[in-house]
Every structure is written in C-alpha cells, then in structure tokens.
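Welcome to my notebook. I kept these entries while finding my way around a new structure, and you are welcome to follow along.

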Amino acid sequence: MSASSQKKLREIAILATLVVLGFIMLVPLMWTVLLSLKSNSDLLQSTANAFHGPYTGENYAAITKSSGVFRWLMNSVIVSGLQTIGVLVLASLAGYGFARLEFPYRDQIFLLVLFGLAIPEQAVIITRHQLFTGLHLHNSYPGLILPGLAAPFGVFLMTQYFKAIPKELDEAAILDNASRFKIFWKVLLPLTIPAQATLGIFTFLGSWNDYWWPLISATRADMFTLTVGLSASQINFAQTSGLGYLMTQAVFAAVPILIVYIIFQKYIVRAVAGAAIR
Amino acid sequence: MSRALSQKGSWTNALFVAPYLFVYLCLLIYPLIAGMGLSLFKADLFGGGSFVGFENFARLFRDEVFLQSVANTFYFVALTVPPLTVLPLLLALLLNRTTRVAAFFRGVFFSSSVLSVTIVTLVWRMILMSEGGLASNITALFGADAIAFLSDPKIVMISMAIITVWWCLGLPMMLYLSALQQVPKDIYEAAELDNASWWRTLWSITLPSVSRTIILVAIFECVLQFQLFGQPQLITQGGPNGASRPIVLFIFEIGFRRWDVGYAAAASQILFAIILIATLVQYFVTRKRGVQ
C-alpha cells in the first residue's frame with residue numbers, strides 16, 4: 001500500500017472514530033430533547049414512545065406559565081454577572097499590587113493567598129454558613145455573590161499577568177508624574193484585557209454552574225438560582241408533574257449557557273489555553 | 001530608574017490588595033480557622049457547645065458511615081481519574097489539527113462541560129433509571145433485563161463515574177490540545193523526512209512532550225473528583241445503603257440535615273487534609289517547570 005493511500009485510510013479511520021464518539025457524547029442531550037417534546041401521558045405509558053411521534057410543544061407552553069424557571073434564570077444572571085465583575089475588579093487591583101508595588105510583608109501575604117488555592121469550598125462551609133447566618137445574609141443576593149469573591153485563582157492569574165508586562169511602561173509613566181492608580185488604570189489595565197477575558201469567562205461559568213453554596217444559602221424558592229431550582233424539581237422526582245415537563249426544564253436551563261458557549265467558543269478555548277500556559 | 005519604583009515600600013501601596021485581602025480573610029481564612037476550632041466542640045445549629053477535644057475525630061474513625069464514605073470517595077477517584085487522564089488525551093491527539101471538522105468536534109466534546117451538575121444529573125437519570133431509561137429501552141430491544149445502574153450497590157459508583165467522565169472530559173482535552181500545539185512543528189517535519197511511522201512519532205515525540213501535562217491533568221482531576229457531591233446527592237441521595245455517599249455528601253448531611261456542626265466540621269478537616277496534600281503535590285510538580 002502506498003504512503004498516500006495509507007494516510008487517506010488513517011484519515012477515514014480518525015473521522016469514523018470521531019463520529020462514533022461524538023454521537024455517544026450527544027446521545028444524552030438528544031434523548032433529553034426528545035423527551036421534552038412528548039406529552040406527559042405518552043411518557044407515562046412508556047418512554048419508548050419518545051422514539052416516534054406525535055411530538056408536542058405543550059411542555060414548553062406549560063413552563064412559561066407555571067414554573068419558577070424565569071425567576072431562577074434572572075437570579076442566576078444577577079448573581080453570576082455581579083460576581084464576575086467583582087472578581088475582575090478585586091483580582092486586577094490585587095494583581096497589580098502584588099506584581100508591581102512594594103509594601104511590608106508583601107511576599108508573605110502573597111504566599112498566604114496562594115495557600116488559599118488548596119482550601120476546598122467544602123472545608124469552610126460549616127463556619128461560613130454560621131457567619132452568614134449571623135450577618136442575616138442567607139436568601140439574599142449579597143449572600144450568594146460574596147463567597148465567590150474570595151477565591152484566590154483570579155489574584156494568582158492577574159499577578160502573573162501583570163508581572164509579564166515590561167516594567168519600562170510604568171517607569172515612563174512615573175517620569176510623567178502619574179499617580180500609582182493612574183498608571184494602573186491608564187497604562188497597565190488596558191494591556192490585561194486578554195487575561196480579563198480568561199478570568200471573566202471562568203468566573204462566569206463557575207458561578208453560573210455553582211451548586212454547592214446556593215444549595216446551602218438559598219432556601220427560599222424565590223432566591224434559587226437555576227441550578228438549585230432545577231435540583232428542587234429533581235429531588236421531588238417521584239411526585240414530579242411529569243417526565244416531559246421535567247426534561248423541558250432541563251432543556252430550558254441548558255439553552256442559555258449553551259448559547260453563551262457557542263457565541264464565545266473561540267474565547268473559551270483561548271481562555272483554557274491561556275490558563276494552561278500560565 | 002527601577003530604584004524609583006522600588007522605593008521603600010509603604011503601607012499605602014497595600015491599599016491595592018486590601019479589598020481582596022479583606023474578603024479573603026473574612027470568607028476563606030476565618031471560616032477555615034473557625035472550622036478547625038469548631039471541630040473540637042460538640043455543637044449544634046446555634047453554635048453553643050462544649051469542648052470535647054479530639055472526640056469528634058475519634059468518633060469519625062469509629063463511624064461506619066463516615067469510613068464507608070471515605071472508601072467510596074477513593075473508589076470514585078480511582079474509577080474516574082484514569083479515564084479522565086487518558087480519554088481526553090486520545091481525543092486531543094485526534095483533534096490536533098486546524099480543520100473545520102476538528103473545530104466542530106472540539107465543540108461537541110467540550111459542550112457537556114458548560115452544563116451544571118443539576119442538568120447533567122437530570123439528563124443521565126433519564127438514561128440510567130431502570131424504568132423507562134434510555135439504557136433499559138436499548139436492553140429491551142435485545143430482550144435483556146434492565147441493568148440496575150442506580151440501585152445495585154455494586155454498580156452505582158460505576159454509573160456515577162460514567163456520568164462524571166462524560167461531564168468532565170472537555171477541560172482536560174483542551175489542556176492537552178494547548179500542550180500539543182506548543183510542540184515545535186519542525187520536529188514533526190524532521191520525523192516525516194526520516195519516514196518515521198505514525199506510532200513511532202507518537203511514542204518518541206508527541207507523548208514525551210506532553211508528559212508533564214499528563215501528570216498535571218491526573219493531579220488536577222484527583223483534586224476535583226475528591227470533591228464529588230452533586231451527582232450522587234441529586235440522583236441517589238447516597239444510596240443504595242450508602243454505596244454512593246462520598247465524603248462531601250456526608251459533611252452536607254451531618255452539617256445541614258442533622259445540624260451536628262462540630263462533627264461535620266471535623267469531617268471537613270479530613271477532606272481539607274486530603275486535598276491539601278494533593279494540591280501540594282501539584283504545586284511542586286508545576287514548580288519543576290522552572291521559569292513560571
């Protein structure tokens with residue numbers, strides 16, 4: 001067999017492998033969509049009915065009327081959006097401070113922050129919950145947003161990024177008598193936009209999909225985020241208003257983040273790559 | 001010049017790090033230390049409690065339910081980390097090219113990673129549940145009995161592992177892809193000139209150049225999968241007979257369902273110790289890279 005036909009054969013084998021694996025990957029999602037398009041009574045007979053018609057949009061009509069998903073969607077947008085902004089602000093300021101400025105015990109303080117990377121959320125949950133009880137922050141937006149601001153990953157990332165920017169830039173600005181804050185704001189911050197994008201995407205995805213803290217902090221249905229709201233429907237699985245209806249909620253919850261993913265796919269890939277290099 | 005920059009550091013410079021540091025100390029360090037303290041008390045929901053020393057820890061090591069959850073967690077890590085280290089590498093090797101087809105499949109394999117655990121479990125419950133799940137529909141086609149994916153204590157953790165691999169393989173795949181893209185192209189060109197076979201190129205060039213990424217992915221996944229919680233909490237509530245209850249679910253149940261907070265705090269110290277060790281290993285492995 002010639003080298004070129006061997007190469008062609010290999011290409012076909014690779015493509016076939018990808019198609020099979022890709023199909024397996026997507027089957028669970030396709031099954032979910034199929035179920036969501038069936039009437040609840042059809043599915044009660046047998047879920048095998050989902051392989052053929054009739055299909056209906058009645059579940060989708062039903063959740064617009066009765067379900068809490070819109071409220072949960074709004075809560076998720078508020079919490080994830082504000083948390084992302086908060087992380088970007090705090091991490092940029094701190095990253096600049098650690099990378100560029102001198103102050104007493106700077107290196108020790110930075111080490112203390114690095115140590116935080118090893119602290120799992122679950123290890124602090126009991127006392128954090130007590131703290132927020134004491135401050136009456138449960139079932140509130142600040143209560144849902146604040147814990148995410150403490151994660152050290154952003155500070156670590158931004159510090160590395162600021163360190164990589166040539167010092168000559170600030171030195172020129174110092175000659176012009178610019179203040180520290182002005183150097184940060186006008187000269188360096190615009191250069192960190194790629195890192196801001198990386199951090200922003202990670203923070204938003206992490207916050208949007210966070211289940212652990214909102215599950216513990218938000219106990220009132222009107223303060224549920226999308227993840228917790230959906231879990232409440234799921235835990236009551238036995239008394240569910242119907243499989244089709246439940247699957248419609250899943251589709252509804254998945255669609256916004258999948259749209260965000262498809263739009264920002266290029267940036268997400270770059271963000272992961274960027275974080276890997278760092 | 002740089003003397004002007006590094007003029008004797010003053011506390012006012014620390015104002016830049018102060019806002020973050022305040023949040024960090026209040027919401028991460030304080031709860032950590034307070035949790036260590038709390039683990040030495042017999043305390044209920046309202047905090048008031050009596051000092052019991054290490055009695056909570058002694059109780060943990062006698063507690064069958066806790067020991068089972070530790071064993072479950074290690075079993076789960078052993079089930080998930082190898083496939084999550086190898087499978088994404090294979091995918092990355094297949095997809096390390098700039099064609100549109102490759103970009104499409106990268107998108108497909110990463111898509112599950114952007115979903116939340118509640119969506120993932122809802123979707124997979126519809127596959128694995130023994131009455132009406134997709135899997136049982138398929139086995140019925142062949143006239144076979146449905147497999148008790150979620151109710152057989154021997155199988156349930158394997159089911160959790162399948163779900164988790166499906167959910168998590170996108171991120172390591174992306175990490176491998178970015179590592180593969182940093183392998184200098186001219187090495188491959190040289191190999192091609194030497195008529196090196198595909199396998200030989202893979203063994204002698206590609207794999208050695210991503211070996212560090214392989215180790216990093218393995219450790220990263222260890223840390224991540226030790227924190228298993230949502231999948232069993234949502235699908236099986238830890239059952240049957242506690243066969244799918246991981247450490248984090250134990251902490252959750254003791255702390256927020258039975259409100260035995262001192263005891264739960266003690267269990268979370270054990271989790272912290274395990275994860276701290278894994279993170280330290282990761283730190284030293286990354287360190288070896290030198291410059292960074």
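Here are my entries, going from the whole chain down to single residues.

**Entry 1: chain B as a whole**

I began by noting that this is a predicted model. I then looked up the secondary structure of chain B, which comes to 14 helices and two strands. Next I checked how spread out chain B is: its radius of gyration is 24 Å, well over the 19 Å that the globule rule gives for 292 residues, so chain B is more spread out than a compact globule. Along the principal axes, the C-alpha atoms of chain B fill a box of roughly 80 × 75 × 30 Å. I also noted that 43% of the 292 residues in chain B are buried. Of the contacts in chain B with a separation of 6 or more, 68% join residues 24 or more positions apart.

**Entry 2: where the chains meet**

From α6(A), the contact uses I125(A), I126(A) and T127(A), and from α14(B) it uses V261(B), A264(B), A265(B) and S268(B). Five of these residues are nonpolar, two are polar and none is charged.

**Entry 3: more of α14 in chain B**

I stayed with α14(B) and looked up its packing with α3 (residues 55–62) of chain B. The axes lie 9 Å apart, at an angle of about 75°, and the two helices are therefore roughly perpendicular. On the α3(B) side I listed N56(B), F57(B), R59(B) and L60(B), and on the α14(B) side G262(B), Y263(B), A266(B), A267(B) and I270(B). By class this contact has six nonpolar, two polar and one charged residue.

Q282(B) also sits in helix α14 of chain B. Is Q282(B) buried or partly exposed? It counts as partly exposed, because it has 19 C-beta neighbours inside 10 Å and a buried residue needs 20 or more. Beyond its neighbours within four places in sequence, Q282(B) is in contact with I219(B), F220(B) and V223(B). L216(B) is 66 residues away from Q282(B) in sequence, yet their C-alpha atoms are 6.8 Å apart.

**Entry 4: a covered helix**

I turned to helix α13 (residues 247–256) of chain B, where eight of the 10 residues are buried. Among them are I247(B), L249(B), F250(B) and F252(B). The buried residues of α13(B) pack against α4, α12 and α14 of chain B, and also against α6 of chain A.

A reminder to myself: most residues other than glycine have a negative phi, and most peptide bonds are trans. With that in mind, I looked at the loop between α12 and α13 of chain B, which holds P240(B) and Q237(B). The peptide bond from G239(B) to P240(B) is cis, with omega near -10°. Q237(B) is not a glycine but has a positive phi of about 50°. Q237(B) counts as partly exposed, with 14 C-beta neighbours inside 10 Å.

Key
Residues are numbered from 1 along each chain as its sequence is written. Chains are lettered from A and ligands numbered from 1 in the order in which they are written. This is a predicted model: local features need pLDDT of at least 70, side-chain atom pairs count only at pLDDT 80 or more; totals for chains, interfaces and linings use all residues. Axes are lines fitted to C-alpha atoms, for helices over the stretch in contact, and angles run from 0 to 180 degrees between N-to-C directions. Helices (H or I, at least four residues) and strands (E, at least two) are DSSP runs, numbered from the N terminus. Angles under 35 degrees count as roughly parallel, over 145 as roughly antiparallel, 65 to 115 as roughly perpendicular and the rest as oblique. Two residues are in contact if their C-beta atoms, placed from the backbone, lie within 7 Å. Ala, Val, Leu, Ile, Met, Phe, Trp, Tyr, Cys and Pro count as nonpolar, Asp, Glu, Lys and Arg as charged, and the others, Gly among them, as polar. The radius of gyration is taken over C-alpha atoms; the globule rule is 2.2 Å times the number of residues to the power 0.38. A residue is buried if 20 or more other C-beta atoms lie within 10 Å of its own, exposed if 12 or fewer, and partly exposed in between; C-beta atoms are placed from the backbone.
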